[in-house]
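Let's take a friendly walk through this structure, one region at a time. Please keep the 3D view open as you read.

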Amino acid sequence: MLELEGVHTYYGTSHILQGLSFSVPERSCAVLLGRNGAGKTTTIHSIAGLVPLRSGSIRFMGREISGERPHRIARMGIGLVPQGRRVFPSLTVEENLTVASRGGPSGDGENPPWDLSRVYELFPALRERASNMGNQLSGGEQQMLAIARALMTNPRLLLMDEPSEGLAPVVIERVGEAIHRLKEAGLSILLVEQHVSLACSVADEVLVMNKGRIVWRGSPEALLSNRQVQQQYLGV
Ligand SMILES: Nc1ncnc2c1ncn2[C@@H]1O[C@H](COP(=O)(O)OP(=O)(O)OP(=O)(O)O)[C@@H](O)[C@H]1O
């Protein structure tokens, strides 16, 4: 579904992604873990076209997408759930969703396109809050809204940047359940997380990043039993 090969990204003269390569197979969830500053958000932003690559390649469904504008990448089927949720505070829940709606078939041939009734089915709490303003929601509700808003663009691949940030443990569990349901609905997911247990509960593959490179990859079980990798790269 997604393939990065030898990706180098800079901010000015700072060399952030240093030859990053990994892939996300169809209908799977890959999780990027790593300390603050490892380059996880920069990876997500490079895929979404928000930061230009210096060199390397990013292919989505077989097609080169590096160098494309962000709105075109979104239209090709890559949805972004940004760090910090970024819901529109002065729009209602329903308006937050309808402004994102792209309409039309999702093109995956199996699942119906995402619309209001389908996202409300996934997140019933949002239906109850439909006429509340974005800024009246709890952190957990805002996270569900941020995910639902990305779904309204009918993505095939969802990029999620630290959805657990600032949430209570019980709410983090609900985010994990939502991710499982998205996988069941046929989505591929690239998740950036600091929360190791959430990451391991949803990941098919864990990718550990350090200084702009993947330094370890494996199953969640292999990571959980590897104290050395956890201490060296995750500080846990
Ligand atoms: N707009 C920017 N301009 C310059 N440097 C930046 C910019 N954004 C990030 N950086 C730097 O790039 C490096 C990687 O940052 P990035 O946000 O990708 O890391 P991260 O792994 O997502 O960490 P965090 O969990 O703290 O967000 C850091 O050293 C950071 O200071």
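## Around the ligand

In this predicted model, helix α1 supplies the largest share of the shell around the ligand, with 3 residues. The ligand is surrounded by Tyr11, Ser14, Ile16, Gly34, Asn36, Gly37, Ala38, Gly39, Lys40, Thr41 and Thr42. Two elements each give two or more residues to this shell: β2 (14–24) and α1 (40–47).

At the β5 end, strand β4 (residues 55–60) runs antiparallel to β5, and 2 bridges join them. Arg59 has Glu64 of β5 as its bridge partner.

Now follow β9 and its partners. Strand β3 (residues 29–33) pairs with strand β9 (residues 205–210) in the parallel sense, over 4 bridges. In this pairing, Val31 stands opposite Val206 in β9.

Strand β9 also pairs with strand β10 (residues 213–218), this time in the antiparallel sense and over 5 bridges. Met209 stands opposite Ile214 in β10. The hairpin of β9 and β10 has 2 residues between the strands, and Lys211 in this hairpin takes a positive phi near 45 degrees.

## Helices α6 and α7

Finally, a helix pair. How is such a packing described? Two packed helices are described by the angle between their axes and the distance between the axes. Helix α6 (residues 139–151) and helix α7 (residues 169–184) pack at an angle of about 15 degrees, with their axes 10 Å apart. Because this angle falls under 35 degrees, α6 is roughly parallel to α7. The crossing in which α6 passes α7 is right-handed.

On the α6 side, the contact is made by Gly139, Gly140, Gln143, Met144 and Ile147. Helix α7 brings Val171, Arg174, Val175 and Ala178. By class, the contact of α6 with α7 has 5 nonpolar, 3 polar and 1 charged residues.

Terms used:
Residues are numbered from 1 along each chain as its sequence is written. This is a predicted model: local features need pLDDT of at least 70, side-chain atom pairs count only at pLDDT 80 or more; totals for chains, interfaces and linings use all residues. A residue is near a molecule or strand if its C-beta atom, placed from the backbone, lies within 6 Å of it. Axes are lines fitted to C-alpha atoms, for helices over the stretch in contact, and angles run from 0 to 180 degrees between N-to-C directions. Angles under 35 degrees count as roughly parallel, over 145 as roughly antiparallel, 65 to 115 as roughly perpendicular and the rest as oblique. A crossing is left-handed if the near helix is turned anticlockwise from the far one by less than a right angle, and right-handed if clockwise. Two residues are in contact if their C-beta atoms, placed from the backbone, lie within 7 Å. Ala, Val, Leu, Ile, Met, Phe, Trp, Tyr, Cys and Pro count as nonpolar, Asp, Glu, Lys and Arg as charged, and the others, Gly among them, as polar. Two strands pair if DSSP finds at least two bridges between them.
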